[in-house]
Amino acid sequence: MHTFKPALALLCVSFLASGCATMSAEDCTGADWQTIGLADGTAGQTLAKADRRANDCAKHGLAMDRNAYDTGRHEGLGRYCVEGNAYQLGERGQSYNGVCVNHNEADFIAAYEKGRELHAFTTAASTASSQLASAESRHKALDTELDKYW
């Protein structure tokens, strides 16, 4: 029974390592790097994502077209780095990864902060509402307990 442990450990390590990969050899070979960059930019991905993609492809002996990727990512960031999106990110309590430096970041951050303020207010109101409901429930329970003595 103990002979399976090393094999199981190796299988788990292999599975975990493959789960970290973002690009297979097939993905790298047929990649439309501008479209991939566009999708990453539109999602607000940092350059770390591009670096992981490049490293994954390099492991297969392939290279990404960084110029095409950067062109697409720049266009995608133009879509991501808008005030409406910034406000929604803040309102949902999501973080901003600092990717809008070359895309009117000051206005983006201002809208993001307004969204964060709403998120903080909504969170505080929800917490207060929960605490009030809990206090009312406790009050009712204490009233019921006191009624036993009258």
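Reader: Why is Y96 called buried?

Author: Y96 has a relative accessible area of 18%, and buried means under 20%, exposed over 50% and partly exposed in between, computed with a 1.4 Å probe on protein chains only, so Y96 counts as buried. This is a predicted model, in which local features need pLDDT of at least 70 and side-chain atom pairs count only at pLDDT 80 or more, while totals for chains, interfaces and linings use all residues. Residues are numbered from 1 along each chain as its sequence is written, and side-chain values use heavy atoms, with hydrogens and water left out.

Reader: What makes the rings of Y96 and Y112 a tilted pair?

Author: A search of the whole structure finds three aromatic pairs. For Y96 and Y112, the ring centres are 6.2 Å apart and the planes stand at 50 degrees. Rings of Phe, Tyr and Trp (its six-membered ring) pair if their centres lie within 6.5 Å, and planes under 30 degrees apart count as stacked, over 60 as edge-to-face and the rest as tilted, so this pair is tilted. Y96 lies in the loop between helix 6 and helix 7 and Y112 in helix 7, so the pair ties together parts that are 16 residues apart in sequence; helices here are DSSP runs (H or I, at least four residues), numbered from the N terminus. Y112 is buried too, at 8%, and Y80, Y96, F108 and Y112 form one aromatic cluster.

Reader: How do you know that the side chains of R53 and D40 meet in a salt bridge?

Author: The N to O distance between R53 and D40 is 2.9 Å, and a salt bridge is a side-chain nitrogen of Lys or Arg within 4 Å of a carboxyl oxygen of Asp or Glu, so the pair qualifies. R53 lies in helix 4 (residues 47-59) and D40 in helix 3 (residues 33-42), so the bridge ties together parts that are 13 residues apart in sequence. Both R53 and D40 are buried.

Reader: How do you know that the buried residues of helix 4 line one face?

Author: In helix 4, K49, A50, R53, D56 and C57 are buried. Seen down the axis of helix 4, these buried residues fall within an arc of 125 degrees, so they line one face of the helix; the arc is that of the directions from the helix axis to the C-beta atoms. What covers these residues includes helix 2 (25-29), helix 3 and helix 5.

Reader: What makes the contact between the side chains of H103 and H74 a polar contact?

Author: The contact joins the side chains of H103 and H74 at 3.4 Å. A polar contact is a pair of N or O atoms within 3.5 Å, and within protein one must be able to donate a hydrogen and the other to accept it, while residues adjacent in sequence count only if both atoms are side-chain atoms, so the distance falls inside the limit. H103 is found in the loop between helix 6 (83-91) and helix 7 (105-147).

Reader: Why does H103 count as buried, and which residues does H103 touch?

Author: H103 has 13% relative accessibility and therefore counts as buried. Not counting residues up to four places away in sequence, H103 touches H74, L77, G78 and C81, where contact means heavy atoms within 4.5 Å.

Technical notes
Helix = DSSP H or I, 4+ residues; strand = E, 2+ residues; numbered from the N terminus.
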